[in-house]
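Work through the following exercises with the model open in a viewer. Each task is followed by its solution in steps.

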Amino acid sequence: MKLQNFLLACGIAAVAVSAQAQSDKSGYPITPVPFTSVKVTPNTFWGQRLKASREVTIPLAFSKCESENRYTNFSNAAQHLKDPSKVFKVDGVMGYSFDDTDPYKTIEGASYLLQTYPDKKLEAYVDSVIAVIGSAQEPDGYLYTARTQNPEHPHGWAGPKRWSKVEDLSHEFYNLGHLCEAAVAHYNATGKKSLLDIACKFADCVVREVGDKPGQACVVPGHQIAEMGLAKLYLATGKKEYLDQAKFFLDKRGYTTIKTEYSQSHKPVLEQDEAVGHAVRAGYMYAGMADVAALTGDKGYINAIDRIWDNIISKKYYITGGVGATSSGEAFGKNYELPNMSAYCETCAAIAQVYLNYRLFLLHGESKYYDALERTLYNGVISGISIDGGKFFYPNPLQSMGQHQRQAWFGCACCPSNAARFIPSLPQYIYAVKDNNFYVNLFAGNEATVKVGGKKITFEQKTNYPWNGDIEMTMKKASGKFNLNIRIPGWVRGQVVPSDLYTFVDGKHLGYSVKVNGKAVESELKDGYFVINRKWKSGDKVSVHFDMEPRLVKANGKVSADKGRAEIERGPLVYCAEWPDNSCDVLSVLLNQEPKYTMGEKTIENTTVQTITTDAQTLKFDDKGRLTATDERIVLIPYYAWAHRGNGKMTVWMPIDLNATSPALPPSLASESKIDASSRRLPALSAINDRLVPSDGDDRSVPYTHWWPKNNSTEWLSYTFKEPATISNSTVYWFDDGPWGGCRVPKSWKLYYKTDAGEWAEVKNPTGYGTGKGVANIVNFEPVRTTAVKLEIVQPEKHSCGVFEWSVK
């Protein structure tokens, strides 16, 4: 149902309510500067991203909410509430139990944009969406369309009654959390309480029904974010019961029915010291712990989150600022487990890391948290969103054979809608205030009006960061004495990240300078900040310069995936080698031991990016099996800009030692064959003949194809040869991501060849069709001359199958 039609049918109108005075109290020692106080300059790095969000991402997300039935779910629920005889099929029709959050997240992003780009048309549309959402709310405040559309037969993940599966799959509290986040953002941006009232009503329902009192459900969120949302709702309304509920969710974690690392419920949160399980759930919980710690003064939570952060930054943090090593459970891996091609690095997980590092800065005031935030922001987050704002990555790998591409939407749409809400919120991360201290944390063209020491100042930045390290700051309106605290990034101070996980190895020492009204000033760094204490006046100018050069980085030797490899970065940007810029195989590159660099420019997706060119060699085996080396000039682009020009090879970490090289192999019968499959939509189909094989059944560093979510079916792959060939041997490496994933080895399989009559016939006298997980399953058979061969598999009843590699000799 179209949104406008539903509104007319129901006679719903949105009502604006005057905003209460906004409180600047966050509970944190350092006060955030809200997005409402910062205007990002158009036609700058972040101005372009905000423009893309306004013109492309937000409209796309709202249009998908219409086309993918997100609004229909609410309207169906509303119709059932008006007429209980009307019920709607949910299971098998509604995608996921958390689909309600797509409109919530998009409203949140739109609200941030409305402050930067006032738009009456967009505001009216948002009002209409809020009206539809409110129409689906049950009288006692419960808001969950996966159940309300059909209470007797709800979504399969919903459970038979309220809260019965909330620790597993229902996502009722997850939906609440995103509703609270959206409601507070909308209220702060517009002053309207329409969505805030809906959120409060749902939160009141949870407070009444969930707890450890008699008659209440003693449960905690399976997917965290309610902790963050309720803390925000408390700050917006002053209702302490919301904060108490957030703390209850954390206090009871590890004591209720489900105890698993996947959802960080394996032990009480105060006892946790390692980042484990689903990386998005974890990041949201850790950020929620920081919120509760700040608002309640509970030092136990602060100590726990400090331990966990140290584990992430020293053992589980990608050079791109991403987290989540494995697709199995979308989870953190073991310490130092940081594979590249199979890196999951979900876009949502990177966004959660921004939330976490931001809160830890507000707690502790140390620049190291912003060093991590900046790395994640410029690499792990925006790589997940195309430059034009219209396509998205779910995972963000650090190496690709061409099997990865951004998509306009996903069935599980958490990343696109999360991007829709996050990018417009960028202005709130630039500054912070504590008493008479004004912190400049990020460098971006903008103008901000902020209270420092009780007095309003208007502060402006002009910069071409991240392309150069020059920032011009102006006190457009200021009077009085206070400290201007300018973050000196870790990459300037010779620190890649705030741990020994990565190290600069080129021996360079970058410098920086700060001038006030043209005169150089000196200061000792305090917690990573250059502090200027003076009596400021309107018109004062501060000029900051950071040396910015390409740097060579190596990983800690315990990171096996990066042994013998190096990464090149400049400023906050990680660089990569991608196929369109290089005539050679970028996965077969060997960097020079002491690289020299040349800077350049290139246009990608109608924006100019700076490139780095360096000398290297490519290694390959010739047709006689001899290793050869060829001199090359390798062009590198910012990592966030890859995958905008078609599918192909890309790598961040490049070999610099011989033992890490992967020389290009000569062609094989399989690699030169035409691939076909039972489904044209199989992901990474080219993986089956790329000659990359897993080291064992748990190796996720090489690509694979799969039939998930299809199961209980007969499927096939085929090779058509360039010319007739005699074959007598075939090897298959099966992909199996159990116990968490949906793929298993096949129930059975057979090998067929094409006869002269064009019919398929099974090979004669096969030695056996093995089903070992991630190992060479070799079958020998009578030699046969043919033009094509087919691998036919029977999938298990409840699982799909996948293939790493299939060779024929």
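**Exercise 1.** State how many residues of helix α15 (residues 414–422) are buried, and what follows for the helix.

*Solution.* Nine of the nine residues are buried, so α15 is largely enclosed by the rest of the structure. Buried means under 20% relative accessible area, with a 1.4 Å probe and protein chains only. Helices here are DSSP runs of H or I with at least four residues, strands are runs of E with at least two, and both are numbered from the N terminus. Among the buried residues are Cys414, Cys415, Arg421 and Phe422. The cover over them includes α2 (45–67), α4, α7, α11 (279–296), α13 (347–364) and α14.

This is a predicted model, in which local features need pLDDT of at least 70 and side-chain atom pairs count only at pLDDT 80 or more, while totals for chains, interfaces and linings use all residues. Residues are numbered from 1 along each chain as its sequence is written, and side-chain values use heavy atoms, with hydrogens and water left out.

**Exercise 2.** Decide whether Glu108 is buried or exposed, and list its contacts outside the neighbours within four places in sequence.

*Solution.* Glu108 lies in helix α4. Its relative accessible area is 2%, so Glu108 is buried. With sequence neighbours within four places left aside, Glu108 contacts (heavy atoms within 4.5 Å) Glu181, Ala182, Ala185 and Arg421. Arg421 is one of the buried residues of α15.

**Exercise 3.** Describe how helix α3 (residues 70–82) packs with α5.

*Solution.* Two packed helices are described by the angle between their axes and the distance between the axes. For α3 and α5 the angle is about 45° and the axes are 7 Å apart. Axes are lines fitted to C-alpha atoms over the stretch in contact, and angles run from 0 to 180 degrees between N-to-C directions. Angles under 35 degrees count as roughly parallel, over 145 as roughly antiparallel, 65 to 115 as roughly perpendicular and the rest as oblique; α3 and α5 are therefore oblique to each other. On the α3 side, the residues that meet α5 include Tyr71, Phe74 and Leu81, and on the α5 side those that meet α3 include Tyr125, Val129 and Ile133.

**Exercise 4.** Give the strand order of the open sheet of six strands, and say which helix packs on it.

*Solution.* The order is β1-β4-β5-β9-β14-β13, and the pairing is mixed. Strands pair if DSSP finds at least two bridges between them. At the edges, β1 (31–32) and β13 (525–526) each pair on one side only. Four bridges join β5 (residues 437–440) and β9 (residues 479–487) in the parallel sense, with Val440 bridged to Ile486 in β9. Helix α14 (residues 367–381) packs on the sheet and touches β9 and β14 (529–537); the direction of α14 makes about 60° with that of β9.

Methods. Buried means under 20% relative accessible area, exposed over 50%, partly exposed in between (1.4 Å probe, protein chains only).
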